[in-house]
Amino acid sequence: MNTGFSYWEQDSFLSGYDVLIIGSGIVGLNAALHLKSSQPALKVGVLEAGFLPAGASTKNAGFACFGSISELIDELKDSSLDELLQVVEMRWKGLEKLRQNLGDQAIDYLPLGGYEIFRKEDDELVNACLDKIDYFNQALKTIIQKPDIYAVANEKIAAFGFQNISCMIENRYEAQIDTGKMMQALLSKVQGLGISVFNHCHLNSIENDSEKLKLFTSQGVFICKKVILATNAFISDLYPELDVVPGRGQVLITKPIPDLKIQGTFHYDKGYYYFRNIHNRILLGGGRNLDFAAEETTLPGVTHQIQTKLEKLLSEVILPGYAPQIEQRWSGVMAFGNTLHPIIKELEPHVFCAVRCNGMGVAMGSLTGEKVADLMLQNL
């Protein structure tokens, strides 16, 4: 049979794997890292459909966050307090795992704090959030191991230069990272352990028999014993029955702004909008709530409606009286579902998945990858 590959290529690169991981984002690389660290003799490979991770791992805003007050209130509508606290703990422990694995310097971890801003017309939401500060401080105290996580910070509104903002709630333990540096560090660590990462390799289908798995890809057929799907929203291509809905997040970034006063990570409108400082620029994203149906897509792209709204927020609230130039626009695809917990399970014999971080991939990705690796190790 003429496959186009040599005997050496087929033997060394396409077959003999104990585990193949689909997706080279935060979850996939952390799963690979944990597998190889736990059992160094395993032959582990990673297949990635894109030139870079196709989801949101390098396309997000780089928030090291675990939930603003309004987000927690919103999440509590569909979850019990115990369920919510379990998820918050996963977010917090995931961030700790990320820092332990890579180190703060490698990911440019900056603990500048996070803030939720409210406009004057948001009085009802403001009052609801103010009423819950003590409640969530007490509820999250055992997880974060710190008192007074959330606090009113209205005195900083003027210092940041915002306009039309009536209230601001600070999260003292939120931070920001550079997700490009994070992925470079993860790739370096994974490849240093002898794990091969193949880009531009799209998985089309899986043939599963009792002895091995055949993965039919755009580059050829890979052979392995077990597979982990860490493709987040893109898993619907293979398993459409899963409760996974894509959510595209659109982002823009300005050119450098002289004497930028803003420092930290900022949330607005229950987290549907978010912005931060980065290299004397403002990175601003969100707005999928303007058209949920249109943004439930795995296709990249930006829309006039959302980008116009982002620019309006930028000029009227974040940088009033200043007309920043927009340098880049992009999008990344997240995954959401009816429950906050990610899906970590065996889908069929030898096929595992770790998907649906509900927009909290930076926080949950490291721990989610580790958990699916542990689940798979129990079944080796």
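**Close-up views of a predicted model**

**View 1. Helix H11 sits largely inside the structure.** Of the 17 residues of H11, 13 are buried, so the helix is largely enclosed by the rest of the structure. H11 runs over residues 361-377. Its end C-alpha atoms lie 23 Å apart, which agrees with the 24 Å that 17 residues should span at 1.5 Å a residue. Please keep in mind, here and in the other views, that this is a predicted model.

**View 2. Helix H2 is mostly covered too.** Here 11 of the 13 residues are buried. Among them are Ile26, Val27, Leu29, Leu33 and Leu35, and the buried set also includes Asn30, His34 and Lys36. H2 covers residues 26-38 and reaches 18 Å from its first C-alpha to its last, close to the 18 Å expected at 1.5 Å a residue.

**View 3. Strands S17 and S18 form a hairpin.** Follow S17 (residues 343-348) into S18 (residues 351-355): the two strands pair in the antiparallel sense over five bridges. One place to look is Lys345, whose bridge partner in S18 is Cys353. Two residues lie between the strands, and His350 in the turn has a positive phi of about 75°.

View 4. Glu346 belongs to strand S17. Is Glu346 buried or partly exposed? At 33% relative accessibility, Glu346 counts as partly exposed. A polar atom of the Glu346 side chain lies 2.9 Å from the backbone nitrogen of His350, the turn residue with the positive phi. Leaving aside residues up to four places away in sequence, Glu346 touches Val351, Phe352, Leu375 and Asn379. Leu229 is 117 residues from Glu346 in sequence, yet their C-alpha atoms are 9.9 Å apart in space.

**View 5. Phe162 and Phe266 make an aromatic pair.** A search of the whole structure finds 15 aromatic pairs. In the pair shown here, the ring centres of Phe162 and Phe266 are 5.4 Å apart and the planes meet at 90°, so the pair is edge-to-face. The pair links distant parts of the chain, 104 residues apart: Phe162 is in the loop between helix H7 and strand S6, while Phe266 is in strand S13. Both Phe162 and Phe266 are buried.

**View 6. Two charged side chains lie over ring faces.** Lys43 lies over the face of Tyr17, at 4.5 Å from the ring centre. Arg288 lies over the face of Phe336, at 3.9 Å from the ring centre.

How values were computed: Residues numbered from 1 in each chain as written. Predicted model: local features only at pLDDT ≥ 70, side-chain atom pairs only at ≥ 80, totals over all residues. Heavy atoms only, no water. Pairing = 2+ DSSP bridges. Helix = DSSP H or I, 4+ residues; strand = E, 2+ residues; numbered from the N terminus. Expected span 1.5 Å × (residues − 1). Buried < 20%, exposed > 50% of the residue type's maximum accessible area, 1.4 Å probe, protein only. Contact = heavy atoms within 4.5 Å. Polar contact = N/O pair within 3.5 Å; in protein donor to acceptor, adjacent residues only side chain to side chain. Phe/Tyr/Trp six-rings, centres within 6.5 Å; stacked < 30°, edge-to-face > 60°. Lys NZ or Arg CZ within 6 Å of the ring centre and 35° of its normal.
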